[in-house]
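The exercises below concern the packing of helices and strands in a predicted model. Each task is followed by a solution in steps.

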Amino acid sequence: MSNVKSGNLGFPRIGENREWKKAIEAFWAGKIQEDELHQQLEVIRLGNLELQKEQGIEIIPVNDFTYYDHILDTASMFGIIPTRFGYTGGEVPLSTYYGVARGNTEATASEMTKWFNTNYHYIVPELAGVTPQLTLNRPLAAYREAKEKLGIEGRPVLVGLYTFLKLSKGYDSTKLNEVIDSFLPLYIRVLQELEQEGVKWVQVDEPILVTSVDEQDLQHIKYIYEAINQELTTLSVQLQTYFGSVEFYPEVAALPVQGIGLDFVHDDGRNLEALRQHGFPQDKTLGAGVIDGRNIWRADLDTQSALLSDIVKLANGAEVVVQPSSSLLHVPVTVRTETKLEPVLKNALAFAEEKLNELVLLTKQANGEQVAGEFQESREALSALSASPARNRQNVRSLVENIADQPSSREHDFSIRQVAQEKKWKLPFLPTTTIGSFPQTTEIRSARQKWRKGEWSSSQYGEFVKEQILDWIRKQEEIGIDVLVHGEFERTDMVEFFGEKLAGFAFTSGGWVQSYGSRCVKPPIIYGDVDFIEPMTVDETVYAQSLTKKPVKGMLTGPITILNWSFVRSDLSRENVSYQIALALRQEVEALERAGIEMIQVDEPALREGLPLKRADWDHYLEWAVLAFRLSTSTVKDTTQIHTHMCYCEFHDIIDSITALDADVISIETSRSHGELVHSFEEHTYPLGIGLGVYDIHSPRVPSVDEMVSMIERALQVLDPKLFWINPDCGLKTRGVQETVDSLRNMVAAAEKFREAHVKVNV
């Protein structure tokens with residue numbers, strides 16, 4: 001009989017009803033004080049631990065909780081606070097912590113970017129000019145809390161030093177040895193303090209090991225863990241990886257750690273093959289990630305049990321822990337409350353709480369306990385979903401099977417389209433626009449809730465939305481913006497809105513996940529074949545256009561972003577699903593054009609998020625991602641101007657693919673990393689229209705005119721002024737009305753100031 005244990009790697013922070021988000025935002029708004037915030041978050045944190053214990057999880061992680069972001073937590077633990085915040089040492093005040101994340105009246109926020117290839121975004125640590133110091137042993141505090149208040153012997157979680165540094169900025173990469181040496185004694189001190197407390201195991205997360213690391217990276221990793229091992233005597237280190245297969249498996253398996261965690265779900269079979277070829281050290285514990293930590297489908301317990309059995313055999317006597325493929329941070333809390341879903345779909349779902357149960361079931365099965373009834377229940381649920389009509393739309397399947405026959409290129413290239421569009425639109429030099437959404441005020445959210453609850457009729461709600469559109473068309477005209485938007489007041493979320501109107505999607509009532517900070521999203525579930533039903537955005541956009549002589553952009557979310565920001569069915573390839581979405585969106589683009597809307601923005605902020613973690617796998621993904629975008633946008637006239645938008649990304653290494661999208665205008669989030677992106681355009685020419693965001697919409701501060709002028713000047717050193725647009729970083733949905741108006745006034749003033757200077761120079 002096997003000796004297999006159950007373990008978890010991390011649990012959602014937000015609470016079953018987003019209590020976490022509500023408490024933090026109440027604190028920001030001044031509605032509660034800091035001590036009350038601490039109390040409310042403690043209730044959530046301890047509740048998460050109790051739930052895992054009650055479910056029968058044997059290894060429970062602690063310090064996976066946060067007040068905003070786990071990378072920001074790690075940075076503040078080591079005193080990595082940008083000098084502009086005036087931090088002088090010691091434990092980081094909560095006001096400074098949130099200042100780094102969100103900015104304040106004196107300083108801009110730190111850059112935010114995606115966490116590997118997930119939909120979560122972290123705050124990028126800035127090491128420049130900062131000397132690391134240990135301000136607080138967070139893992140130790142979390143361990144003590146769990147033990148003293150709940151009697152739980154938790155396993156502290158710590159972001160690994162090499163992953164932390166590789167995700168940071170502001171240091172000379174040629175001097176990485178010196179940077180490691182400045183942090184390593186502090187990391188060792190954290191671990192020694194845990195050891196002195198009597199902690200037996202610590203989980204050290206090094207997901208960087210599943211990316212395209214090289215021999216030099218490997219040498220740094222060896223150096224770090226050899227140094228750590230020399231200083232510890234009783235504390236065991238579980239080196240945890242996730243999101244893919246480990247590079248240099250034999251070398252990683254030989255590191256002086258006591259356990260290694262591997263992802264056997266998102267590894268494309270490579271970790272399992274590495275076990276077959278190289279075996280596993282008998283003196284180490286193997287963390288077997290066999291339950292999907294990133295998607296919401298019920299596990300095929302028969303398949304995963306067989307996989308686990310293979311892993312146990314290949315471990316050759318080593319202890320095995322059954323665990324998720326990654327932290328459960330990326331899935332909602334529980335399916336229990338989803339009372340409105342169709343039973344066939346609901347029965348096929350597993351959120352964090354249900355995944356804990358699956359871990360326990362697989363553990364029991366591996367240990368010879370009787371779980372046949374539970375396995376049969378899972379088997380029947382998955383079979384019913386597979387047979388459902390929603391998964392068998394033959395018209396959709398036929399189109400995708402013959403995708404090469406579908407148009408995927410504009411009739412003429414950009415140089416010809418540009419001339420036609422200039423003649424049609426007659427826009428000023430450096431045209432101004434916004435990305436799409438305007439503030440979703442309490443009044444707007446309340447109106448939507450009344451409509452959804454049936455307290456308002458659809459016509460009543462529609463009239464309310466029209467009032468908001470009218471108000472903001474007038475505001476945009478008064479501010480002086482050149483290309484307007486209707487404001488998206490009818491939309492809760494840029495993906496949810498479209499999913500609700502397309503076949504093949506389903507929506508939860510409480511399936512929230514954390515996107516960044518307190519921002520939570522409720523991803524749609526793509527469970528069936530995606531199909532167009534009827535126009536989705538035409539009425540609001542046409543109404544907005546009727547109110548002004550200036551052009552109004554139609555606003556759509558692109559196929560790759562809908563794909564990457566949804567929970568996607570697991571029985572088809574993501575490529576196949578992306579084509580289904582693209583063909584449905586193409587019909588919406590054509591409907592807008594027929595209705596006279598001839599500026600259409602198809603946003604792809606998440607295109608880069610879908611990049612595989614290994615560069616060797618990039619080309620295939622980018623090929624089908626670009627094709628999906630072009631399938632949705634290529635059937636319009638030359639004079640119809642296609643816009644797109646991207647955010648939170650490094651672009652220099654995919655600039656060719658961005659160009660291949662062949663969008664007439666692209667707007668890019670850049671204010672937090674403006675200089676870095678501009679530098680990439682010094683090395684790569686971008687031949688189409690482009691707008692680099694001139695102010696950060698995630699910060700509550702109103703940027704000055706001169707601040708935005710300097711960003712414009714920097715960008716136009718490397719970009720063609722005739723192709724340049726002026727816009728904010730991203731949509732303005734989360735901002736207040738007055739700060740939005742003030743910021744946009746300054747943006748337009750910055751454009752006008754630059755126009756005047758340009759005219760004088762050219763006269």
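**Exercise 1. Determine which way the residues of strand β15 (residues 554-557) point, and whether they are buried or exposed. Then identify how β15 pairs with strand β17 (residues 599-603).**

Step 1. In a regular strand the side chains alternate between the two faces of the sheet.

Step 2. In β15, G554 and L556 point one way, while M555 and T557 point the other way. All of these residues are buried.

Step 3. The pairing of β15 with β17 is parallel and comprises four bridges. Within β17, Q601 is the bridge partner of M555.

**Exercise 2. Describe the packing of helix α10 (residues 270-278) against helix α11 (residues 301-315).**

Step 1. Two packed helices are described by the angle between their axes and the distance between the axes.

Step 2. For α10 and α11 the angle is about 30 degrees, and the axes lie 10 Å apart.

Step 3. Angles under 35 degrees count as roughly parallel. The two helices, α10 and α11, are therefore roughly parallel to each other.

Step 4. The crossing of α10 past α11 is left-handed.

Step 5. From α10, the residues L272, L275 and R276 meet L307, D310, I311 and L314 of α11. By class, this contact holds five nonpolar, no polar and two charged residues.

**Exercise 3. Describe how helix α2 (residues 34-55) and helix α13 (residues 352-366) cross, and which residues form their contact.**

Step 1. The axes of α2 and α13 come within 9 Å and cross at roughly 35 degrees.

Step 2. This crossing of α2 and α13 is right-handed.

Step 3. On the α2 side, L51, Q52 and Q55 take part; they meet E353, L356, N357 and V360 of α13.

Step 4. Sorted by class, the residues of the contact between α2 and α13 are three nonpolar, three polar and one charged.

Technical notes:
Residues are numbered from 1 along each chain as its sequence is written. This is a predicted model: local features need pLDDT of at least 70, side-chain atom pairs count only at pLDDT 80 or more; totals for chains, interfaces and linings use all residues. Side-chain values use heavy atoms; hydrogens and water are left out. Axes are lines fitted to C-alpha atoms, for helices over the stretch in contact, and angles run from 0 to 180 degrees between N-to-C directions. Angles under 35 degrees count as roughly parallel, over 145 as roughly antiparallel, 65 to 115 as roughly perpendicular and the rest as oblique. A crossing is left-handed if the near helix is turned anticlockwise from the far one by less than a right angle, and right-handed if clockwise. Contact means heavy atoms within 4.5 Å. Ala, Val, Leu, Ile, Met, Phe, Trp, Tyr, Cys and Pro count as nonpolar, Asp, Glu, Lys and Arg as charged, and the others, Gly among them, as polar. Buried means under 20% relative accessible area, exposed over 50%, partly exposed in between (1.4 Å probe, protein chains only). Two strands pair if DSSP finds at least two bridges between them.
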